[in-house]
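Hi,

Here is the structure I said I would pass on.

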Amino acid sequence: MEYLDVVNEKDEVIGKASKEDIYKKSLSHRIVHVLVFNGAGEMALQLRGKDVYYCPSHWCTSAGGHVKSGESYETAARRELKEECGIDTEIEFMYQDIYFHKETLKKFLSIFKAVYNEPLVMRNEEVERIEFFSIDKIKQMITAGEKVHPELAFIIENHF
């Protein structure tokens, strides 16, 4: 069973809980996203598979996921990038936000950036495909109502 750290309003660890309990009890926790850019400044987005539990067939950040209990944000970001995109490259911390999923649920999002000019390969069955888009195109996708993961929309709207 996977455990995540439960954090307070200052992002300090105050306990741990199973992922199931985190969502059932609306407990605050940590999430990472890695934004992979190519040399042209385009961002890689992954299209989530149609059979995933949350946000099926939605565009999402290049790589992202939960920070496991005891894991640092950077370690989680590197793990997710390797698991989802198959790459191990330098990453750079960009910023941290508090994202409210529901009134009672807070997620602390730490966002990292990587530059990678080689093709990205899907590494798990939860990802249908990966494509690069300009930031303007991603904004157009959001405005047009395309299926975009809410955390990706939040990141684009608040930082680009």
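Ser 57 is partly exposed, with a relative accessible area of 24% (buried means under 20% relative accessible area, exposed over 50%, and partly exposed in between, with a 1.4 Å probe and protein chains only). You'll find Ser 57 in the loop between β4 and β5. Its phi is near 55 degrees, a positive value in a residue other than glycine. Ser 26 also has a phi near 55 degrees, again positive and again not a glycine. That serine sits in the loop between α1 (19-24) and β3, and Ser 26 is buried, at 19% relative accessible area.

Before you go further: this is a predicted model, where local features need pLDDT of at least 70 and side-chain atom pairs count only at pLDDT 80 or more, while totals for chains, interfaces and linings use all residues. Residues are numbered from 1 along each chain as its sequence is written, and side-chain values use heavy atoms, with hydrogens and water left out. As for the element names, helices (H or I, at least four residues) and strands (E, at least two) are DSSP runs, numbered from the N terminus.

On to helix α3, which covers residues 135-143. Which residues of α3 are buried? They are Ile 135, Ile 138, Met 141 and Ile 142. These four cover an arc of only 115 degrees around the axis, which puts them on the same side of α3 (the arc is that of the directions from the helix axis to the C-beta atoms). On the face of α3 turned away from that buried side are the exposed residues Asp 136 and Thr 143. The buried residues of α3 pack against β3 (29-37), β4 (43-48), β5 (59-60), β9 (127-133) and α4 (150-159), where contact means heavy atoms within 4.5 Å. Just after the helix comes Gly 145, with a positive phi of about 85 degrees.

Now for how α3 sits against α4. Two packed helices are described by the angle between their axes and the distance between the axes. Here, α3 and α4 pack at an angle of about 120 degrees, with their axes 11 Å apart. The axes are lines fitted to C-alpha atoms, for helices over the stretch in contact, and angles run from 0 to 180 degrees between N-to-C directions. α3 and α4 are therefore oblique to each other, given that angles under 35 degrees count as roughly parallel, over 145 as roughly antiparallel, 65 to 115 as roughly perpendicular and the rest as oblique. The contact is made by Ile 135, Ile 138, Lys 139 and Ile 142 of α3 and by Ala 153, Ile 156 and Glu 157 of α4.

The buried residues of α4 itself are Glu 151, Leu 152, Ala 153, Phe 154, Ile 155 and Ile 156. They pack against β3, β4, β5, β7 (92-102), β8 and α3.

Next, the charged pairs. Side chains of opposite charge can pair when their charged atoms come close. How many salt bridges are there? The count comes to 10, taking a salt bridge as a side-chain nitrogen of Lys or Arg within 4 Å of a carboxyl oxygen of Asp or Glu.

One of them joins Glu 128 and Arg 129, at 3.5 Å from N to O. Glu 128 is partly exposed at 39%, and Arg 129 is partly exposed too, at 34%. Arg 129 also forms a salt bridge with Glu 131, with the closest N and O atoms 2.4 Å apart. Glu 131 is partly exposed, with a relative accessible area of 28%. Elsewhere, salt bridges that share partners join Glu 71, Arg 79, Glu 80 and Glu 83 into one network. Within it, Arg 79 pairs with Glu 83, the closest N and O atoms being 3.6 Å apart. Both lie in helix α2 (residues 73-85), 4 residues apart, about one turn of the helix. Is Arg 79 buried or exposed? Arg 79 is buried, at 17%, whereas Glu 83 is partly exposed, at 37%.

Last one: Lys 113, in strand β8 (residues 105-115), is partly exposed at 29% relative accessibility. Lys 113 touches Leu 35, Phe 37, Glu 90, Ile 91, Glu 92 and Met 94, not counting residues up to four places away in sequence. Lys 113 and Glu 90 are 23 residues apart in sequence and 8.6 Å apart in space, C-alpha to C-alpha.

Cheers
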